[in-house]
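Welcome! Let us walk through this structure together, one part at a time.

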Amino acid sequence: MSDVVSLLRQIEDTGRDSRGPGYQRPGFSPTERELRDWFLAEADRRGLDTEIDANGITWAWATSPGENAVVTGSHLDSVPGGGAFDGPLGVASALAAFDELKSSGALERARRPLALAVFPEEEGSRFGVACLGSRLITGAIDADRALGLKDAAGDSFADVARGYGLDPNRIGRDESRLAGIGSFIELHVEQGVGLINTDQAVAIGSSIIGHGRWHFAFTGQGNHAGTTPMSHRADPVVAASRVIGDIPTLAAATDARAVATVGRTLIHPGGTNVIASAMSFWLDIRHADDAVVEQVLAAISARAQEHAAGAGVAVSISQESYSPTTHFTAELNDRLRSVLPDAPMLPSGAGHDAGILAAHVPSAMLYVRNPTGVSHAPEEACEDADARTGVQALAAVLERELGAAGSNPAGSGSAGSANHAGGGE
């Protein structure tokens, strides 16, 4: 079978951005379907039994589905202009780790079922809610709310899901599926600089810091750019731009470790010689202390109201998603450390499906070194040797889990909240 490096090369041209470097792999898109079909074909080559569940999650079983299963996997979609490793590294590593386990005879000795999983719309780049597949299966997002989400083209998730072969009436929390998962372990490329200056290629995740997304919508009066005096304008672009310019100062003044980002804006109607009637931006805030996230949001919201009033426009602010700080399952991490004693423990500022699942099933993460420290951009990287080391680490951890006697009592070892529908990467 192909190793992790050659597996990634098989899909390196799928979804390349035609407008520049990087990838365009939106969730529930033809590109993501092509990547899903690649995974299904690779699973079939390995004799795995595959299925796509009611929430669009793809499963590949090394044995018949059963209780206390060990599950590993990640996602295949990307942010706009994303890199090659965010998501796909975890999926390719899951396939390669299966090959390692099979060749070593570990699968024959396994006392628990093993499954590989691919979660859809992890990035939230299409419908605005990250980790949508894992939120649906856990019930962390209400099914009716999810079905009503719309993409930039105005297509609802209900219609897109239907076109993807899913039944909207069956979408939502899957209690029986969750009850069968004994542990979930996600491998992911590191999205920061925690491993750059170390001699370790792999780290164990300790936590995911709290993070959320908010929509700021400014509305004013559209008008002619040449005939409307500056004193007679109600320009939402002016107000929104002033707020965006203030965000770095407001975040730093609240807490030096807080990060707040505007990565997406929308101006309507978008004519060069037209004063806009509306402008929106989407705000991402992250901090390990959920109270600090709320303080940063309050400061930015107050400033938005001030600038809106000063420009004679209105502003509305709505939360699209939020995930509180989540600590991975202590007992599971202890077992990972017993297998990988030299691996450092790293918190993450990026959200993952494992972070959503952690509120419901024992979950853990492995991070593989990124020599650039850049993620969500074309410069994201992972050296071949490190990718292969990551597979060896994942296979060793999976072998330990497959041979472990254990159970999955409801809610064991998790520190997240099952009631928050929140942000992702």
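The C-alpha centres of domain 1 and domain 2 are 33 Å apart. In domain 1, Gly128, Ile209 and Thr325 lose the most area to domain 2, together 50% of what that side buries. The domain assignment of the protein chain gives domain 1 as 4-209 + 325-402 and domain 2 as 210-323; such bounds come from an automatic or database domain assignment. Please keep in mind that this is a predicted model, where local features need pLDDT of at least 70, side-chain atom pairs count only at pLDDT 80 or more, and totals for chains, interfaces and linings use all residues. Residues are numbered from 1 along each chain as its sequence is written, and side-chain values use heavy atoms, with hydrogens and water left out.

How do the two domains meet? Contact (heavy atoms within 4.5 Å) links 14 residues of domain 1 with ten residues of domain 2. The area buried between them is about 920 Å², with carbon and sulfur atoms giving 36%; this is the accessible area (1.4 Å probe) that two parts lose on being put together, summed over both. Between the domains, the count of salt bridges is zero (a side-chain nitrogen of Lys or Arg within 4 Å of a carboxyl oxygen of Asp or Glu).

Now look at a site taken from a record. The unreviewed UniProt entry lists Asp86, Glu123 and His376 under "binding site", and such annotations may be inferred rather than shown by experiment. These residues spread over 291 residues of sequence, yet they cluster in space, with a largest C-alpha distance of 9.9 Å.
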